[in-house]
Amino acid sequence: TGAVGLYNVGQTCCLNSLLQVFLMNIHFTRILRRMVVPWQDVQKERSVPYQMLLLLEEMQCGKEKAVSPIDLAYCLSVYRVELFVQHDAGQLFLTLWNLIKMQMKKPELVEELNDLYTICIQENLACQECFFETKRNSSMLTLPLPVLDTNSHVLKTLEDCLQCFFHPEKLTDHNMCFCDHCGKRTPFLQSMKLVHLPQVLTIHLKRFCFRSSANTHKLSHYLPFPQNIDFSAVLTENQCQADDKEKAAWQYELFAVVAHSGSANWGHYCAYIRSLTECKWYCFNDSEVCQVSWDDVKCTYGHSKIHWGQTAYLLIYMKKHP
């Protein structure tokens, strides 16, 4: 019946934006629809994926332009996701995803959910005196990209942010690590390599930072991001630990942008989402939904002189050829 909004039921703009990103993703909703429905009413009230399924059905089957997510909001409050509190979209995304995964009863659905969202990284530590190297694979749900380099200079493109994230870092002085082979603390070279990218890639632009005063500060400078990106072309051979078949699938198209307007201490979230069935962009601003153009989405690039303006915070890319 078209795109449907969500009423703000107590500073839930952040929650609403993330719910729209989840529920507009047909790959996610295919998993959600196959969940095991709890038997008892109390279990239904406390099940996050079940409440999301009810909300999805209400949005799709009703004739209203907006519906209320109050039942889901109350369900989340059981897990300390409070109403009338300003949430961070990056942190709330992780909370929601983990609750969904934890409450999915079918192991095959948990595996599909992992495959859909999980990034695999190889962490390398090399002693700079004996050159002994340790490697460890780890997973993450979002790629947390810095928007400033190590010298606090502004990074100018998303590609620069990726290069900065995967650039090796020397651990010296008070950051030295203990080397078992040398038997003492030595300088180390720390690096990360990309092993696997999922079908849905969530990038977290680290727009909020701490200053010396310990106050959180928002970085609003201009940072463009492309509609289409090939990660195998952006990263060097030394920044990847993947075969050619894996890297051939690293071509992505932008699916959604969760944008923040306001300051670090107060603000508002909305979501720009490309409908996978219509290939049209929509802006979801709580109960208000309207079709927009790519130029409207580009307004979230940021502006150094408009600190309260709308700025992209989460970028969600979708694989072109999964």
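Two strands count as paired if DSSP finds at least two bridges between them. With that in hand, here are the close-ups, all taken from a predicted model.

**View 1. Strand S10 and its parallel partner S5.** Strand S5 covers residues 142–146 and runs parallel to S10, to which 5 bridges join it. One place to look is proline 144, whose bridge partner in S10 is histidine 204. Is S10 itself mostly covered or mostly open? Of the 7 residues in this strand (200–206), 6 are buried, where buried means under 20% relative accessible area.

**View 2. Strand S10 and its antiparallel partner S18.** Here S10 meets strand S18, residues 311–319, and the two run antiparallel with 5 bridges between them. Which residue of S18 stands opposite threonine 202? That place belongs to isoleucine 316.

**View 3. Threonine 118, between a helix and a strand.** This residue sits in the loop that links helix H7 (107–117) to strand S3 (119–127). Threonine 118 has a relative accessible area of 16%, so it counts as buried, the cut-off being under 20%. Which residues does threonine 118 touch, leaving aside those up to four places away in sequence? Its contacts are Trp97, Ser139, Met140, Leu141, His196 and Pro198.

**View 4. Lysine 63, an exposed loop residue.** Look for lysine 63 in the loop between helix H4 (48–61) and strand S2 (66–67). Its relative accessible area is 84%, so lysine 63 is exposed, a label that needs over 50%. Glycine 2 is 61 residues away from lysine 63 in sequence, yet their C-alpha atoms are 9.6 Å apart in space.

**View 5. Stepping back to the whole chain.** The protein chain holds 11 helices and 18 strands. Along the principal axes, the C-alpha atoms fill a box of roughly 65 × 50 × 40 Å. Buried residues make up 48% of the chain. Among contacts between residues at least 6 apart in sequence, 67% join residues at least 24 apart. Carbon and sulfur atoms account for 51% of an accessible surface of about 16400 Å². As for charge, there are 30 positive and 32 negative side chains, and the centres of these two sets lie 1 Å apart.

Terms used
Residues are numbered from 1 along each chain as its sequence is written. This is a predicted model: local features need pLDDT of at least 70, side-chain atom pairs count only at pLDDT 80 or more; totals for chains, interfaces and linings use all residues. Side-chain values use heavy atoms; hydrogens and water are left out. Buried means under 20% relative accessible area, exposed over 50%, partly exposed in between (1.4 Å probe, protein chains only). Helices (H or I, at least four residues) and strands (E, at least two) are DSSP runs, numbered from the N terminus. Contact means heavy atoms within 4.5 Å. Accessible areas come from the Shrake-Rupley method with a 1.4 Å probe; for residues, only the protein chains shown count as cover. Lys and Arg count as positive and Asp and Glu as negative; His and the chain ends are not counted. The place of a charge is taken as NZ of Lys, CZ of Arg, CG of Asp or CD of Glu.
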